Amino acid sequence: MLTPRRLDAARGLGDRLFRLQLTATGITVLAVMAGVGLFLLLRAGQALRARGLSFLTTAAWQPDVHNFGIAAVLTGTVLIAFVAVVISVPLAVGTALFISDIAPRGLRRTLVTLVDLMAAVPSVVYGLWGLFFLQQHVIGLSRWLSEWLGWIPLFRVDGTQPGEPLASESVFTASTFVAGIVVALMVAPIQCSVMREVFSQAPAGEREGAYALGATRWGMIRSVVLPYGKGGIIGGTMLGLGRALGETIAVYLIISPVFAIQWHVLQTGSNSVSSLIALHYGDASDFGMSALMAAGLALFLLTLAVNFTASSVVARSRSGAQSEA
Amino acid sequence: MTVVEETPLSGAGHAPPPPADAVVRPAPPRPRRIGGVTRTGVLSLCGAAASGICVTVLLFGQLAPFSGALGFTVTAYLVFLAVYAVLTGLDEDAQAVRDKVMTVVLWTAATLLFSGLVMVVGFTAWRGREALPHGNFFTQDMQAAGPLDPLTHGGIAHAMLGTLTMITIALVITVPLGLACAVYLNQIPGRFSRFVRTIVEAMTALPSIVAGLMVYATWILGLGMQKSGLAAGFAISVMMLPIVIRASDVVLRLVPGNLTEAAEALGAPRWRTVWHVVLPTARSGLATAVILGTARGIGETSPVLLTAGFTAALNADATSGPMVSLPLAVFNFVKSPEPTMIARGFGAAAVLMALVLVLFVIARVIGGRGPGHRTKRQARRGARASRADVRRFEELRAPGLSLFENPGEPLPGKDAPTAPATGETD
């Protein structure tokens, strides 16, 4: 007589070993991930102890005379990411809606592939494009923005007068704005693929219900797809923001670093935490390295906070709840 | 939830208000067309485009002091939208007008994004055309080539070899660890694995330079090792690991539950279920996850920048001496003001992009198949395995074992329940 096999979690030696091994892997991965924060903190300790809270409020970066802080670079990082998100989100939402609802059916798969391919293009390639192509073409737009919107402090550019077309163009190059556009193009595909994923999960019954009540396609999108995909839009935006905050090479290639808080996004000169590290790691003394580690730690914590917020927003929204199942 | 605020049916707008004893009914509502191309639609699009361009030419040339190609495009687009709205408004209701205009806006957003991609890729390939035709570009390193040398000297062989070495190291670490961790997240649910999943998801957007810093802090400063290809491989692994885990986790979740349940019902232990059912079913998706992670890892510059050092010479030894990867070589080439160096940079970038593109196409070809789909060779192998199983089972049909009796097929000795099933074959 055969008895049915017991269905408990670990049957026999093989399964127990298997479980043990998998759990060990999980712990290893967790250790690696935790190690990132831990070792940065360990190395940064020296610099953080030396500076205390003024690490957050100083704009200069002269670690060898103990005068350094991340006020300028953090502002630059956030501004670049802000410009990037402002430009990329409309593009990403539009493209995601286009792919999920408007594009001809035969084209959709190709477009999805293209978006994913865009996300895989190396950042150094985007940087090259921004440096050698975009920079010269964007000056006109920068000039226009600064002339017409110069009364907003964010868009003001010192060293140029409105209505002076022959003013030096160099005040508009290597700015936060140019870096922001390039980073926007890098993060838009990431945001777009998150959003499209969520949009395409909007329940077919509700879509058809909207159509049955006489909605147009845009009416359906506004009343069904967008409310359903709200979590995806927020989550995708934040995910892109996380990438934008951490982008190194494209930003490094484009901006000319300044160590002062630069609010004027169109003005030449900007900075970011990651390009600061890339710029100074080579010639840093022991203490300077510790200071760079502290800057890296700040960046790490910032992106971590953004990512956690993103994933909890997606998980809590209706769209996330469904994809979790 | 209000689905639509107002549902004016076409034709109902200009119907007279019906009298109290409504005898005259408005025309029966036509179902709304959703999407699709109509002659009117195409004509109003063309008309609006033409008028947009004309009005803008007039504005720029005669009336207002505007200038610049970008301003021209933006103005033309806005005029086009306005005219298009008016044209559609001639014979459609407000909702349909909004729908038409938004459709055009969404088309524009998608076109902008994709033309951005085409521009980035096309520009790099175009500027790479100077360096790429030279055969020495692929076979030599930069050791003997100075910054002023023409493109017939020097190449990126050292960077290609470096990329290959680093990504191999990263894959050797990432693939077993990443896949096992994804299996762990799926197979052993619980509070701890949920925690691991949260951490991994938060780490997917880990700034790559932080991954480089971490390896720099532990391997180079902590353990006193040199900058080398190995360290760069570690840094790339730290960056790739969460990406691979997350993508594989998603794919493993798609494995149909009835397959694993069938395996469990047949009495397979968990590890056999995973090894013989879950992983083969998700094979194509897992391959895609790994390849996409590889594409990201190959293209990263900043972890390599911190951990690999820089050299112009070919270095095949990953454990000692600096090593250069393709993106790092691009980065160093374009920092030079020399046109030939910049041309080399673009050439290297084009090679890098081609590499990513090839990886991506492979991923799509493999990942295009759904879970459980098998190639011909896999199907043949499966058939061979089941023929072997049939033979094995027949050997097992020993007298006294009622395990393989087929209940649907009447056996000769059916009246006697304990009749031995003698080795009939079908």
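Modeller: This is a predicted model. Start with the core. The largest nonpolar core has 207 residues, and A:Val182, A:Val183 and A:Ala295 touch the most other members. This core takes at least three residues from each of domain 1 (39-127) and domain 2 (141-372) of chain B.

Colleague: Which residues does A:Val183 touch?

Modeller: Leaving out residues up to four places away in sequence, A:Val183 touches A:Ile80, A:Ala84, A:Ala244, A:Glu247, A:Ala250 and A:Val251. There is also a second, separate core of six residues. B:Ala48, B:Ala76, B:Val79 and B:Phe80 are among them.

Colleague: Why is A:Val36 called buried?

Modeller: The cut-off is 20 or more other C-beta atoms within 10 Å. A:Val36 has 23 C-beta neighbours inside 10 Å, so it counts as buried. A:Val36 sits in helix α1 (residues 12-51) of chain A.

Colleague: What is A:Val36 in contact with, beyond neighbours within four places in sequence?

Modeller: A:Val36 is in contact with A:Phe300, and with B:Leu206, B:Val210, B:Met214 and B:Val238 of chain B. A:Leu297 is 261 residues away from A:Val36 in sequence, yet their C-alpha atoms are 9.1 Å apart.

Colleague: Why is α9(A) called largely enclosed by the rest of the structure?

Modeller: Of the 17 residues of α9(A), 15 are buried, so the rest of the structure largely encloses this helix.

Colleague: What makes the span of helix α9 of chain A close to the expected one?

Modeller: Helix α9 (residues 230-246) of chain A reaches 25 Å from its first C-alpha to its last. At 1.5 Å a residue, 24 Å is expected, and the two values are close. Buried residues in α4(A) include A:Leu111, A:Val115 and A:Asp116.

Colleague: How many residues make up the contact between the chains?

Modeller: On chain B, 83 residues are in contact with 79 residues of chain A. Helix α3 (residues 94-127) of chain B gives the largest share of the chain B side, 21 residues. By class, that side has 59 nonpolar, 16 polar and eight charged residues.

Colleague: Where in chain B is the pLDDT below 50?

Modeller: Residues 1-15 of chain B have a pLDDT below 50, with 25 contacts in the model beyond near neighbours in sequence. Residues 410-426 of chain B are also below 50, with twelve such contacts. Where pLDDT is low, predicted coordinates should not be read in detail.

Colleague: What are the scores for chain B and for the model?

Modeller: Chain B has a mean pLDDT of 80, and 83% of its residues reach 70 or more. The model scores ipTM 0.83 and pTM 0.81.

Definitions and conventions. Residues are numbered from 1 along each chain as its sequence is written. Chains are lettered from A and ligands numbered from 1 in the order in which they are written. This is a predicted model: local features need pLDDT of at least 70, side-chain atom pairs count only at pLDDT 80 or more; totals for chains, interfaces and linings use all residues. Two residues are in contact if their C-beta atoms, placed from the backbone, lie within 7 Å. Helices (H or I, at least four residues) and strands (E, at least two) are DSSP runs, numbered from the N terminus. Ala, Val, Leu, Ile, Met, Phe, Trp, Tyr, Cys and Pro count as nonpolar, Asp, Glu, Lys and Arg as charged, and the others, Gly among them, as polar. A nonpolar core is a set of buried Ala, Val, Leu, Ile, Met, Phe, Trp, Tyr and Cys residues joined through C-beta atoms within 7 Å. A residue is buried if 20 or more other C-beta atoms lie within 10 Å of its own, exposed if 12 or fewer, and partly exposed in between; C-beta atoms are placed from the backbone. Domain bounds come from an automatic or database domain assignment. pLDDT is the predictor's confidence in each residue, from 0 to 100. The expected span of a helix is 1.5 Å times one less than its number of residues.
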